[in-house]
Amino acid sequence: MSTPQISFLKGHGTENDFVIVPDPDNTLDLPASVVARLCDRRAGIGGDGMLHVVRSEAHPEARAMAAEAEWFMDYRNADGSVAEMCGNGVRVFARYLQRAGHVSEGDLAVATRGGVKRVHLAKDGAVTVSMGRAELPGEGVTVTVDGRSWPARNVNMGNPHAVAFVEDLAHAGELRSVPPFSPESVYPDGVNIEFVVDRGPGHVAMRVHERGSGETRSCGTGACAVAVAAARRDGADPALTGAPATYTVDLPGGTLVITEHPDGGIDMTGPAVIVAEGVIDPAWLETMIG
């Protein structure tokens with residue numbers, strides 16, 4: 001049996017880039033090895049991850065959310081592993097749905113493994129995602145790079161983060177491999193690790209090692225985790241003050257604006273761009289599957 005022709009698009013949110021594979025009826029077999037090769041920057045299309053676009057009712061993990069969100073973001077890391085959420089990915093996912101004519105400007109809901117996310121597509125091109133609430137587990141870790149160590153705050157945004165405030169972003173090292181942290185038992189399934197410096201009041205900059213992808217140009221859930229950790233460090237808890245806390249977060253690939261509201265909800269606003277579309281060569285894909 002010949003391999004079917006598969007369409008793809010390429011997009012990014014603050015240079016966190018993704019291979020987008022539309023598959024409304026969930027008919028494609030996309031094992032981790034295929035996803036990893038598609039995301040390979042030399043042997044494939046290249047990306048920090050894959051956005052597998054599926055109708056919620058067609059995917060067993062999203063069927064329960066179908067009444068609330070028509071579309072499910074089946075997100076995969078660059079190594080092919082499954083992830084709960086990707087904040088930049090949700091924005092690009094929404095931009096794809098708009099480009100494909102499935103949605104228009106305004107509000108929509110997207111199902112993810114981290115729950116249903118509310119998205120607003122603005123006329124000026126910005127995309128705002130309601131990222132849900134942050135959880136702040138009590139136990140943190142110590143992160144060590146090149147002989148320097150820092151305490152890292154444990155923040156969960158539907159996926160796990162460890163946020164370390166440092167003096168210089170260069171101290172994070174190369175970030176291709178996972179920075180050592182202890183105790184490892186705090187994150188048995190791995191963790192995204194953010195290194196953060198201050199730029200001014202309500203303004204920080206960060207670098208990140210994303211679990212399963214290495215250093216990326218941007219991480220939306222990571223920016224949210226950083227904003228929450230910075231607010232708590234600065235003595236700001238919107239639930240206690242009754243006032244929103246907003247942080248501008250600079251990443252290597254651009255800038256995101258994160259607002260935590262008194263009810264705990266977190267909004268993330270930033271760009272989302274589709275840059276190309278095409279067709280995966282069936283013969284090449286057959287060698288991957290075979």
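Reader: What makes β5 and β6 a pair of strands in this model?

Author: The model is predicted. Two strands pair when at least two bridges are found between them. Strand β5 (residues 106–112) and strand β6 (residues 115–121) share seven bridges, in the antiparallel sense. The pair therefore meets the cut-off of at least two bridges. T112 stands opposite G115 in β6. β5 and β6 form a hairpin, with two residues between them.

Reader: How do you know that β6 also pairs with β7?

Author: By the bridge count again. Four bridges join β6 to strand β7 (residues 127–133), and the two run antiparallel. The cut-off is at least two bridges, so β6 and β7 count as paired. V119 stands opposite V129 in β7. This pair also forms a hairpin, with five residues between the strands. G125 in that turn has a positive phi of about 100 degrees.

Reader: Which sense does the pairing of β10 and β12 take, parallel or antiparallel?

Author: Parallel, over five bridges. A164 stands opposite F195 in β12. β12 is also joined to strand β13 (residues 203–210) by seven bridges, and β12 and β13 run antiparallel. G200 stands opposite H203 in β13. β12 and β13 form a hairpin with two residues between them. In its turn, G202 has a positive phi of about 65 degrees.

Reader: How many helices and strands does the protein have?

Author: Five helices and 18 strands.

Reader: How do you know that the radius of gyration agrees with a compact globule?

Author: The value is set against the rule for chain length. For 290 residues, a compact globule would have a radius of gyration near 19 Å. The protein has 19 Å, so the two agree. The C-alpha atoms fill a box of roughly 60 × 40 × 30 Å along the principal axes.

Reader: What share of the residues is buried, and what share of the contacts joins residues 24 or more positions apart?

Author: Buried residues make up 50% of the 290. Among contacts with a separation of 6 or more, 61% are between residues 24 or more positions apart. The accessible surface comes to about 12200 Å². Carbon and sulfur atoms account for 49% of that surface.

Reader: How many side chains are positive and how many negative, and how far apart are the centres of the two sets?

Author: There are 24 positive and 38 negative side chains. The centres of the two sets lie 2 Å apart.

Reader: Why is I258 called buried?

Author: Buried means under 20% relative accessible area. I258 has 1% relative accessibility, so it counts as buried. I258 is found in strand β16 (residues 254–260). Leaving aside neighbours within four places in sequence, its contacts include A223, C224, A227, Y247, I266 and M268. C224 is 34 residues away from I258 along the chain, yet their C-alpha atoms are separated by 6.1 Å.

Reader: And why is R148 called partly exposed?

Author: R148 has 39% relative accessibility, so it falls in between. R148 lies in strand β9 (residues 148–156). Not counting residues up to four places away in sequence, R148 touches V143 and H171.

Reader: What makes the phi of T14 worth a look?

Author: Most residues other than glycine have a negative phi. T14 has a phi near 45 degrees, a positive value in a residue other than glycine. T14 is found in the loop between β1 (6–13) and β2 (16–22). At 4% relative accessibility, T14 is under the 20% cut-off and therefore buried.

Reader: What is the phi of L175, and is L175 buried or exposed?

Author: L175 has a positive phi of about 60 degrees, although it is not a glycine. Its relative accessibility is 2%, so L175 counts as buried. L175 lies in the loop between β10 (160–165) and β11.

Reader: Which form does the peptide bond from S182 to P183 take, cis or trans?

Author: Cis, with omega near -5 degrees. Most peptide bonds are trans. P183 lies in the loop between β11 (181–182) and β12 (192–200).

Terms used: Residues numbered from 1 in each chain as written. Predicted model: local features only at pLDDT ≥ 70, side-chain atom pairs only at ≥ 80, totals over all residues. Heavy atoms only, no water. Rg over C-alpha atoms; globule rule 2.2 N^0.38 Å. Buried < 20%, exposed > 50% of the residue type's maximum accessible area, 1.4 Å probe, protein only. Contact = heavy atoms within 4.5 Å. Areas by Shrake-Rupley, 256 points an atom, 1.4 Å probe, with all protein chains shown as cover. Lys, Arg positive; Asp, Glu negative; His and termini not counted. Charge placed at Lys NZ, Arg CZ, Asp CG, Glu CD.
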